[in-house]
Amino acid sequence: MANGNIPYKIYLSEEEIPRAWYNIRADMKTDHRPILHPGTLQPMTAEELEPVFCTELVKQELNDKDRYIEIPKPIRDFYKMYRPSPLVRAYCLERALDTPAKIYYKYEGGNTSGSHKLNSAIAQAYYAKEQGLKGVTTETGAGQWGTALSMACGYFGLDLKVFMVKISAQQKPYRKTVMETFGAKVTPSPSDTTNIGRKMLEEDPNSGGSLGSAISEAVEVAVTSDGYKYVLGSVLNMVLLHQSVIGQESKAAFEKIDDYPDLIIGCAGGGSNLSGLMSAFMADKLAGKTAPYFIAVEPASCPSMTRGKFAYDFCDTGMTTPLAKMYTLGATFRPSSNHAGGLRFHGMAPILSQLYHDGFIDEVRAIEQTEVFKAATLFARHEGTLPAPEAAHAIKVAIDEALKCKQTGEKKTILFGLSGTGYFDLGAYMQYNEGTMTDQIPTDEDLRRGFEAIPKVE
């Protein structure tokens with residue numbers, strides 16, 4: 001039995017699944033700077049975005065007025081297959097750490113994709129189907145987004161073309177198999193199937209790829225194929241909007257047990273998981289109410305927020321996408337082939353970048369890979385779930401904060417996001433267990449080369 005009156009898992013009912021997505025932009029003190037056309041450097045209009053994205057998703061991307069956007073019934077009905085997800089009290093981890101802190105995690109791994117990505121994938125597939133499209137294109141890093149989107153496209157009968165970061169395709173071949181099982185066509189990126197991919201391979205035939213390069217290929221195919229649009233699993237406003245169900249459910253679950261987090265910790269790559277977890281609580285902070293202390297955690301190998309620049313930059317390596325004002329390492333930055341593939345992106349979502357720039361995200365920490373897997377192993381042994389490397393970044397900092405409470409005697413309530421499972425990451429766990437895992441941290445010279453490619457835009 002759980003200690004006290006709080007169960008191990010706090011569930012909501014199906015009727016308590018959010019009926020609307022929360023649009024954090026409507027409450028932000030400073031809205032993020034507009035995305036710019038790469039040719040004119042003028043703010044992008046809906047008409048300019050629609051050749052790439054679905055019409056309804058463009059409306060959501062540009063919406064900075066409506067606090068809540070209704071979730072269509074077909075999407076909400078699909079959510080009921082795996083939502084609401086549980087808020088879990090980590091009693092066993094607490095005992096192992098001998099901490100007075102209360103540790104909770106929002107578990108998003110309870111679906112076949114193994115992650116939170118399905119929350120947005122099903123929404124984007126729904127709007128593509130409603131628009132009468134034949135299919136969509138996308139990129140994927142660790143493969144969780146590609147898996148989620150293949151499930152969603154399979155459900156709605158849409159064709160899907162996925163460009164998977166080449167090193168991730170090599171590290172996680174079974175992810176590719178799952179995507180193909182749901183009907184997706186998966187191409188390791190960079191590839192020789194696109195003009196941009198061929199150019200990249202000419203420059204570096206041994207390239208392991210990056211999310212930026214995979215985005216370039218996916219966009220090229222979308223805009224040159226009739227009946228296709230491009231969809232993205234993170235970074236964009238529309239994606240952060242869809243992920244707001246995570247934070248809304250978390251807040252409602254805490255209300256059931258009459259508690260509220262002092263700290264919220266989330267892994268940060270492009271920003272969808274972090275934003276989804278904290279959004280409903282960030283609304284309190286933006287309103288001047290009591291709110292948690294927010295900590296974003298990124299890999300030391302791809303430190304966009306801790307060592308990047310707050311500047312306008314391309315979202316893809318091929319420099320074909322609109323420019324976004326964000327914390328960035330430069331579109332040409334090539335992160336090392338670490339195992340947190342979902343965090344291997346050179347920039348951070350404009351919404352989160354602006355919130356961090358304005359001080360609403362309190363802190364960002366960059367963690368080395370071996371320390372991440374040390375924390376993941378400790379968590380797995382005591383909580384019984386093998387976490388994805390991405391989510392384990394948040395676990396590492398949650399453990400650190402719980403140990404601080406042990407030193408000070410503070411009884412803080414800690415919430416972190418367990419955004420995905422690590423059952424396709426066994427090669428990484430094997431390296432850690434064998435002691436062959438290494439940490440690769442970019443030098444100042446590595447970063448300088450990436451910064452040089454950032455456009456000079458005010």
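## Cis peptide bonds

In this predicted model, Pro-190 is located in the loop that connects strand E8 (185–189) to H9. The peptide bond joining Ser-189 and Pro-190 is cis, with omega at about 10°.

A cis peptide bond also joins Arg-83 and Pro-84, where omega is about 0°. Pro-84 belongs to the loop between helix H3 (73–79) and strand E4 (87–89). Such bonds deserve mention because most peptide bonds are trans, just as most residues other than glycine have a negative phi.

## Residues with positive phi

Leu-41, a residue other than glycine, has a positive phi near 60°. The loop between strand E2 (20–22) and helix H1 (46–49) contains Leu-41. With a relative accessible area of 36%, Leu-41 is partly exposed.

Asp-258 likewise is not a glycine and has a positive phi, of about 55°. Asp-258 occupies the loop between helix H12 (244–256) and strand E10 (263–267). Its relative accessibility is 73%, so Asp-258 counts as exposed. A glycine with positive phi is Gly-409, which follows H17 and has a value near 85°.

## Packing of H9 against H10

Two packed helices are described by the angle between their axes and the distance between the axes. Helix H9 (residues 195–203) packs with helix H10 (residues 211–223) at an angle of about 150°, and their axes are 8 Å apart. The angle is over 145 degrees, and H9 is therefore roughly antiparallel to H10.

On the H9 side, the contact is formed by Asn-195, Ile-196, Gly-197 and Met-200. H10 contributes Ser-213, Ser-216, Glu-217 and Glu-220. Divided by class, the residues of this contact between H9 and H10 comprise 2 nonpolar, 4 polar and 2 charged.

## Packing of H6 against H8

Helix H6 (residues 144–156) and helix H8 (residues 173–181) pack with their axes 8 Å apart, at an angle of about 15°. Because this angle is under 35 degrees, H6 is roughly parallel to H8. The crossing of H6 and H8 is left-handed.

The residues that make this contact are Gln-144, Gly-146, Thr-147 and Ser-150 from H6, together with Arg-175, Val-178 and Met-179 from H8. By class, the contact of H6 with H8 has 2 nonpolar, 4 polar and 1 charged residues.

## Surroundings of Val-162

Val-162 is placed in strand E7 (residues 159–165). Its relative accessible area is 1%, which means that Val-162 is buried. Beyond its neighbours within four places in sequence, Val-162 is in contact with Thr-138, Thr-140, Met-179, Ala-184, Lys-185, Val-186 and Thr-187.

The C-alpha atoms of Val-162 and Ile-215 are separated by 9.7 Å, although the two residues are 53 residues apart along the chain.

## Helix H17

Helix H17 (residues 389–408) consists of 20 residues. The distance from its first C-alpha to its last is 29 Å, close to the 28 Å expected at 1.5 Å a residue. H17 is mostly covered, with 14 of its 20 residues buried.

Methods:
Residues are numbered from 1 along each chain as its sequence is written. This is a predicted model: local features need pLDDT of at least 70, side-chain atom pairs count only at pLDDT 80 or more; totals for chains, interfaces and linings use all residues. Side-chain values use heavy atoms; hydrogens and water are left out. Axes are lines fitted to C-alpha atoms, for helices over the stretch in contact, and angles run from 0 to 180 degrees between N-to-C directions. Helices (H or I, at least four residues) and strands (E, at least two) are DSSP runs, numbered from the N terminus. Angles under 35 degrees count as roughly parallel, over 145 as roughly antiparallel, 65 to 115 as roughly perpendicular and the rest as oblique. A crossing is left-handed if the near helix is turned anticlockwise from the far one by less than a right angle, and right-handed if clockwise. Contact means heavy atoms within 4.5 Å. Ala, Val, Leu, Ile, Met, Phe, Trp, Tyr, Cys and Pro count as nonpolar, Asp, Glu, Lys and Arg as charged, and the others, Gly among them, as polar. The expected span of a helix is 1.5 Å times one less than its number of residues. Buried means under 20% relative accessible area, exposed over 50%, partly exposed in between (1.4 Å probe, protein chains only).
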